[in-house]
Amino acid sequence: MLEPSSKMGWYKGWAVERKEGKADGKCLIEALDAILPPSRPTDKALRLPLQDVYKIGGIGTVPVGRVETGLLKPGMVVTFAPANITTEVKSVEMHHEALTEAVPGDNVGFNIKNVSVKELRRGYVAGDSKLNPPKGAADFTAQVIVLNHPGQISNGYTPVLDCHTAHIACKFAEIKEKCDRRTGKTTEENPKAIKSGDAAIVNLVPSKPLCVESFQEFPPL
């Protein structure tokens, strides 16, 4: 794991070529050192699903959540979807330390102006009001795979959807097509019902306002 063994003379090691340069070695620790850190989606618009909202004496309202894409900075004007509340960020903190900017992956708390705790809730999404702000969805199209369900699922079925931190019942308005789980090719148009093991493209309608984004743009949402 840490240094080559004299008992494994037959093992010639590993080597990898990539545009960042060559890497090789014999041990696990060298393989770990050769892993390139992932690039964070800082160039995208800000998306921060709220995990909780606190009221802190002397400070005010503090929403808490993880930055999924983009950057969060003090002084920014943010919009909370789907309630469409816009306010200014006074300060951003992570682990009780003030930040000049929060990047994707950071779990932060941020203090906002003139918004009460009762106006915000878990499942809302914060975004930059000037750059592609988040919005609520009236309906959306989803790829659904039925792993285990006792009966058949037809139009009108309303399961609870856990999407980022939101937890909202969504109605199967229309099962558009059945598709092959592996290839994604359509196998049946407008099926009457789907059952365990099936994959389908379904139009879903949330029972309460919900902020959801396309997988191409914002995979975490």
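The exercises below place a few residues of this structure, each with a worked solution.

The model is predicted: local features need pLDDT of at least 70, side-chain atom pairs count only at pLDDT 80 or more, and totals for chains, interfaces and linings use all residues. Residues are numbered from 1 along each chain as its sequence is written, and side-chain values use heavy atoms, with hydrogens and water left out.

**Exercise 1.** Find the strand that holds Thr-79, and decide whether Thr-79 is buried or exposed.

Solution. Strands (E, at least two residues) and helices (H or I, at least four) are DSSP runs, numbered from the N terminus. Thr-79 belongs to β5, which covers residues 77–81. Buried means under 20% relative accessible area, exposed over 50%, and partly exposed in between (1.4 Å probe, protein chains only). Thr-79 has 5% relative accessibility and therefore counts as buried.

**Exercise 2.** Which side chain makes a polar contact with the side chain of Thr-79?

Solution. A polar contact is a pair of N or O atoms within 3.5 Å; within protein, one must be able to donate a hydrogen and the other to accept it, and residues adjacent in sequence count only if both atoms are side-chain atoms. The partner is the side chain of Thr-86, at 3.1 Å. Contact in general means heavy atoms within 4.5 Å. Leaving aside neighbours within four places in sequence, Thr-79 has contacts that include Ile-85, Val-125 and Pro-133.

**Exercise 3.** Locate Gly-105 and name the residues in contact with it beyond four places in sequence.

Solution. Gly-105 sits in the loop between β7 (97–98) and β8 (107–112). With 41% relative accessibility, Gly-105 is partly exposed. Its contacts, setting aside neighbours within four places in sequence, are Arg-66 and Val-67. Arg-66 is 39 residues away along the chain, yet the two C-alpha atoms are 6.1 Å apart.

**Exercise 4.** Describe Gly-60 and the annotated span of residues 60–125.

Solution. Gly-60 is in strand β4 (residues 60–66) and is partly exposed at 25% relative accessibility. Not counting residues up to four places away in sequence, Gly-60 touches Tyr-54, Lys-55 and Asn-111. From Gly-60 to Ile-145 there are 85 residues in sequence and 43 Å in space, C-alpha to C-alpha. An unreviewed UniProt entry annotates residues 60–125 as "domain: Translation elongation factor EFTu-like"; such annotations may be inferred rather than shown by experiment, and positions follow the numbering used here, with feature names shortened. The span is 0% helix and 47% strand, with its end C-alpha atoms 19 Å apart.
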